[in-house]
Amino acid sequence: TWAVGDSPFHVIGNVLVTTGVTLTIEAGVEVKFDSGTYIKVEGDLIADGTSSDGIVFTSSSESPSAGDWDSIRIRPTSGTTFDGNYNYVSGTIFDYVTVKYASTGLDVDDTGLLVTNSSFQSNSTAMSMSGTENMIITSNTFDNNSSYGISSSGSSENTQISNNVFSNNRSAVQLGSVFESLDIVNNEFANNEMGLLLGGTV
């Protein structure tokens, strides 16, 4: 557990959360990353903040900019478990978090994930996903990301992008994958160079 009483946490080298291990980051914690560093999650990462005490992942630089640190990498042995109605049951979660100044904020590979009530600001790419299944991205804001808000590659199944706000990004949502069951509902797009780019969906 990374406890709020020990915050901020300063990541000076890459962090690995191994299979079978859960890293819990308490509400109110700030995590600062040195240049090029990342967290790789093969177990579970519980980043479950609140509306009054969010969790912040950001650069350690005194003059931060997009791409200062690498990413939070969610790998196939990690991810979120849902019930039949896609409600959260267990596993990795990002709720009320802020991700700033990363090269790729969340890099999700061959798994599913719940990301909700969160903010992605001034990253290069806010969220990248490849070969995912059960991606629930809801009630988040994506603002001023210099490349992409959400970008995809590979095939994906059961993807829900709903009730998000995309503003001032170069490309808000770029979905180049083959998708099965893709729902994009009740999102707001404002002042992006490109809004929604779709290719390969079924």
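Predicted model: local features only at pLDDT ≥ 70, side-chain atom pairs only at ≥ 80, totals over all residues.
User: Is asparagine 192 buried or exposed, and how do you know?

Analyst: Asparagine 192 has a relative accessible area of 16%, so it counts as buried. Like asparagine 191, asparagine 192 is in the loop between β24 and β25. Leaving aside residues up to four places away in sequence, asparagine 192 touches Phe166, Ser167, Asn168, Asn169, Arg170 and Ala172; touching, or contact, means heavy atoms within 4.5 Å. Asparagine 192 and aspartate 143 are 49 residues apart in sequence, with their C-alpha atoms 9.1 Å apart in space.

User: How do you know that glutamate 42 and lysine 40 form a salt bridge?

Analyst: The closest N and O atoms of this pair are 3.7 Å apart. A salt bridge needs a side-chain nitrogen of Lys or Arg within 4 Å of a carboxyl oxygen of Asp or Glu, so the pair qualifies. Both partners are partly exposed, glutamate 42 at 22% and lysine 40 at 27%.

User: How many salt bridges are there in the whole structure?

Analyst: A search of the whole structure finds three. One of them joins arginine 73 and aspartate 70, at 3.3 Å from N to O. Another links arginine 75 with aspartate 107, whose closest N and O atoms are 3.4 Å apart. Arginine 75 is in the loop between β8 (69-74) and β9 (80-82) and aspartate 107 in strand β13 (residues 102-109), so this pair ties together parts 32 residues apart in sequence.

User: Why are arginine 75 and aspartate 107 given the labels they have?

Analyst: Arginine 75 has 15% relative accessibility and therefore counts as buried. Aspartate 107 has 21%, so it is partly exposed.

User: What makes Phe189, Leu196 and Leu198 a patch?

Analyst: These three form a nonpolar patch on the surface, with about 270 Å² of accessible area together; such areas come from the Shrake-Rupley method with a 1.4 Å probe, and for residues only the protein chains shown count as cover. Patch members have over 30% relative accessible area and no salt bridge; nonpolar side chains (Val, Leu, Ile, Met, Phe, Trp, Tyr) are joined within 5 Å, like charges within 9 Å. Phenylalanine 189, in strand β24 (residues 188-190), has 36% relative accessibility and so counts as partly exposed.

User: Why is strand β22 called mostly covered, and which strands does it pair with?

Analyst: Four of the five residues in β22 (residues 171-175) are buried. Pairing asks for at least two DSSP bridges between two strands. Four bridges join β22 to the parallel strand β19 (residues 148-153), and four join β22 to β25 (residues 194-198), also parallel. Leucine 175 of β22 stands opposite serine 152 and opposite leucine 198 in β25.

User: What makes a nonpolar core, and which residues touch the most other members of the largest one?

Analyst: A nonpolar core is a set of buried Ala, Val, Leu, Ile, Met, Phe, Trp, Tyr and Cys residues joined through side-chain atoms within 4.5 Å. In the largest, of 41 residues, Leu45, Phe57, Ile72, Phe94, Leu106, Met127 and Ile150 touch the most other members. Apart from that one lies another core of five residues, including Ile46, Phe82, Ile93 and Ile136.

How values were computed. Residues numbered from 1 in each chain as written. Heavy atoms only, no water. Helix = DSSP H or I, 4+ residues; strand = E, 2+ residues; numbered from the N terminus. Buried < 20%, exposed > 50% of the residue type's maximum accessible area, 1.4 Å probe, protein only.
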